Amino acid sequence: YMARFAPYLNEGDEFGGIIIVFQDITEQQNLDNLRREFVANVSHELKTPITTIKSYTETLLDGALESKDLSIQFLGVVNDECDRMSRIVRDLLQLSNFDNKEVKWEKEFISLSDLLLKSYTKLEISIKEKKQEIKIDVDDNVPLVYADKDAIEQVILNILSNAIKYTPENGFIEVKGVKQSEAVKIIIEDNGIGIPKEDLERIFERFYRVDKARSRDLGGTGLGLSISKRIIESHNGKINIESEYGKGTRVNITLPIKDNLDS
Ligand code: ADP
């Protein structure tokens, strides 16, 4: 608690006593801590690529430039690290737009099967590269959903690319669309590495990753799930993850059909 003191004057402008106001600042403190932690995380995430770029550039300047092969190899690393920084900054900007409530959704009636197929096409190369099997199955009775097409596509791409990234070669991915009474449900399931129980509850936090090194190697920013959650929840939908470590993961997304017509 924080206490504030103020003198109290009576009608004759004489000192009448002291007013003490107690204010519960736990919430404010929690927010401050979260903010501090977030800034520390952002700095750390950006520091890693900067360190790499710096050391490779120095080595080039120190003479590695003489060798064309080395130069190409090192510049490739520098280029990749710049891409990583761009991804982090892009995701951070999007989250900060959400925080500032600047987002305007362009809602329209969209077809889930079109969206799932389009997302699949965009990721087809990585699926084939990993020789994974994928099954996409949208029930015939699934209605159109009133939602922002690009935003929902971003969520599906993110969840589906996670399924690909965190499932070994020859793995299996299943995508389903089913109708519920007032909502449509999208299920994206894989038989990949899974998420340990103790990590599951924190998985939607910004920058939270089960295995930082693995996520980095796979090009992740650790922000995809938090962005997806924000998008789905601002469409009055829900997203949750079930997983068994070593067995696989299932992401459930529900989007209301009519409920959000006027939002
Ligand atoms: P990233 O960019 O690291 O993939 P996300 O926010 O998309 O960030 O996911 C956060 C973390 O959740 C990942 O680093 C990974 O540890 C875990 N994760 C997400 N999807 C899956 C999945 N399908 N299987 C296993 N782990 C997953």
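Me: Why is Trp-105 called partly exposed?
Reply: This is a predicted model. In it, Trp-105 has a relative accessible area of 24%. Buried means under 20% and exposed means over 50%. The value for Trp-105 lies in between, so the residue counts as partly exposed.

Me: What makes Phe-98 buried or exposed?
Reply: Its relative accessible area is 7%. The cut-off for buried is under 20%, so Phe-98 is buried.

Me: How many aromatic pairs are there?
Reply: The count is 4 aromatic pairs. One of them joins Phe-98 and Trp-105, with 6.1 Å centre to centre and 45° between the planes.

Me: Why is the pair of Phe-109 and Tyr-146 called tilted?
Reply: The ring centres are 4.9 Å apart, and pairing needs them within 6.5 Å, so the two rings pair. Their planes stand at 50°. Stacked is under 30 degrees and edge-to-face is over 60, so this pair is tilted.

Me: Which parts does the pair of Phe-109 and Tyr-146 tie together?
Reply: Phe-109 lies in strand S3 (residues 107-110) and Tyr-146 in strand S5 (residues 145-148). The pair therefore ties together parts 37 residues apart in sequence.

Me: How do you know whether Tyr-146 is buried or exposed?
Reply: Its relative accessibility is 17%. Under 20% means buried, so Tyr-146 counts as buried.

Me: At what angle do helix H4 and helix H7 pack?
Reply: The angle is about 145°, with the axes 9 Å apart. H4 passes H7 in a left-handed crossing. By class, their contact has 8 nonpolar, 5 polar and no charged residues.

Key
Residues numbered from 1 in each chain as written. Predicted model: local features only at pLDDT ≥ 70, side-chain atom pairs only at ≥ 80, totals over all residues. Heavy atoms only, no water. Axes fitted to C-alpha atoms, helices over the stretch in contact; angles between N-to-C directions. Helix = DSSP H or I, 4+ residues; strand = E, 2+ residues; numbered from the N terminus. Left-handed = near helix turned anticlockwise from the far one by under 90°. Nonpolar A, V, L, I, M, F, W, Y, C, P; charged D, E, K, R; others polar. Phe/Tyr/Trp six-rings, centres within 6.5 Å; stacked < 30°, edge-to-face > 60°. Buried < 20%, exposed > 50% of the residue type's maximum accessible area, 1.4 Å probe, protein only.
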